[in-house]
Amino acid sequence: MTDKIRLNRQWNIRTAPEVEPETRLVSGAPGTELELIEEVEGEAYSGSRRWFKAAVYVHAQGADVVRAPEPPGDVPVAEGFDPPVGTEAERAGEAVPPGAWFDANPFLNSWDGAFHTGSDLNLNEPHYDADRGKPVYAVGAGVVTHAGLVYNRWGQPNQAWREIVVIRHPLPDGRDVYSRYAHLDNLRVEVGERVRRGQQIANIGRPFEESAYPGRFHLHLDISPTEILLNDPGNWPGGSYRALQFIKENYVDPLDFIRQNRPSDESRIDLLPYFRGDGRVYRVAHPSGATEIFHTVRQENGVFLQVKNHQWEEMRVARVSAEPGPAYIWRGLDTSPGPAPQEAERPGEPRFYRQWEAGHAFARWCPRYMRPREKWFGEGHQVQFWYKSDCAPSAANSGRATNRTMLVAHHEAVEFNGLVLEDVIQIGGVHADGTPAGDESEGFYFARGFGMVAWRAPWGESAITEILPTSAALQPERLPCDV
């Protein structure tokens, strides 16, 4: 990349390295970056003869642009687009805008004397300006073409835009589109940097206090199929009929564009065949030396059981409601949590529990379709334990909980106890701050057609040891009550 100089004082830009009135062109705004051509010696000033010869800016009507090539390295193709805001799970979902985010100023809306070139994404839940400081993510893979302030004709920062990022996205068909993100703080990228879809590029800010609209936190998002944002990152056509036509020629509705160009479902894995299995029977060995016979049992309404000897975990595949929407893997009853802890009412006695969300008999564990490394955060659910002997409730371990799940990896094959299983997924937990729980090898392993075949933790591994005939399957235990 070409070296640049950054102005740090209100010094003059001149036509020659001489301190003469006729060489002065304009005063440079501090922070302005100019392309460095070479270092030269000139007339001494403050004891130094060192000058920089640099490129200066002129209006586009008075010059033709000859662009330098992009830095070496391939620019990634944008295989799909996600919303630039929201949690990882929300951005991977179907809704655009995601979650509780909304478009406060839609594309082509006429507001304050100008037609809007894009969308203003806001979040006012759980309180007004909840979007303040929220992360901003690249909508797709590409290369950064602008990162920073934009200036007016007098060399002053545009107060309304604050900081801007523009990204060029090469499409699979060879075309380019450009995305613009405005009113930013804490930029995390620079010009020439390659970015991936979902990479954080900044945080949401607001127009500067000196602008006409301070105090309104939001993200301004544009999508352009032309090079207008490459040549003019701060482009703002205005409110005339001519401006409206210009916007229609150079911009598209960014939210509609994202909806129509979501990542292919081929990049997501259907987890159901791994969780539900097909009834195969197999033996699992535990670190203690004990073994259990595992298999899955399908029931009605999308319910299935992961059976462990006679104990079982109840799971289900379903949407949240009858309305169209993403499907989830849910968990309900579990008769295999082990004996009650010492702090319980009856230490050592067998118990079972149910987890559920309000209005449901189950709690969501993860989406049915996920990408490797994708994380999902539940909305919270209730957990209640009971004793198996008489169904008396147990307070120990009961209460509110939240499922946080990550598809850690998809493995072509994994070896357990000398037995190689093909087509295996690894599910792990996630801390509240979004960091994975445990190291890369920990978690639950599910093999296509089997169900859960192993789990690894710091204290040891329980894993499949042999495949058994279907006649070895044991019947699930019956509980003494319905809960």
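Biologist: Which residues does Glu 357 touch, not counting residues up to four places away in sequence?

Modeller: This is a predicted model, where local features need pLDDT of at least 70, side-chain atom pairs count only at pLDDT 80 or more, and totals for chains, interfaces and linings use all residues. Residues are numbered from 1 along each chain as its sequence is written, and side-chain values use heavy atoms, with hydrogens and water left out. Contact means heavy atoms within 4.5 Å. Leaving aside residues up to four places away in sequence, Glu 357 touches Trp 330, Phe 362, Ala 363, Arg 364, Gly 380 and His 381.

Biologist: Is Glu 357 buried or exposed?

Modeller: Glu 357 sits in the loop between strand 23 (351-356) and strand 24 (363-367); strands are DSSP runs of E, at least two residues, numbered from the N terminus. Buried means under 20% relative accessible area, exposed over 50%, and partly exposed in between, with a 1.4 Å probe and protein chains only. Because its relative accessibility is 9%, Glu 357 counts as buried.

Biologist: Which cysteines form a disulfide?

Modeller: A disulfide is a pair of cysteine sulfur atoms within 2.5 Å. The structure holds 1 disulfide. Its sulfur atoms are 1.7 Å apart, and they belong to Cys 391 and Cys 481.

Biologist: How many residues apart in sequence are the parts that this pair ties together?

Modeller: Cys 391 lies in the loop between strand 27 (381-387) and strand 28 (393-401), and Cys 481 in the segment after strand 33 (460-468), so the linked parts are apart in sequence by 90 residues.
Cys 391 is buried at 15% relative accessible area, while Cys 481 is partly exposed at 22%. The separation asked for is 90 residues.

Conventions: Helices (H or I, at least four residues) and strands (E, at least two) are DSSP runs, numbered from the N terminus.
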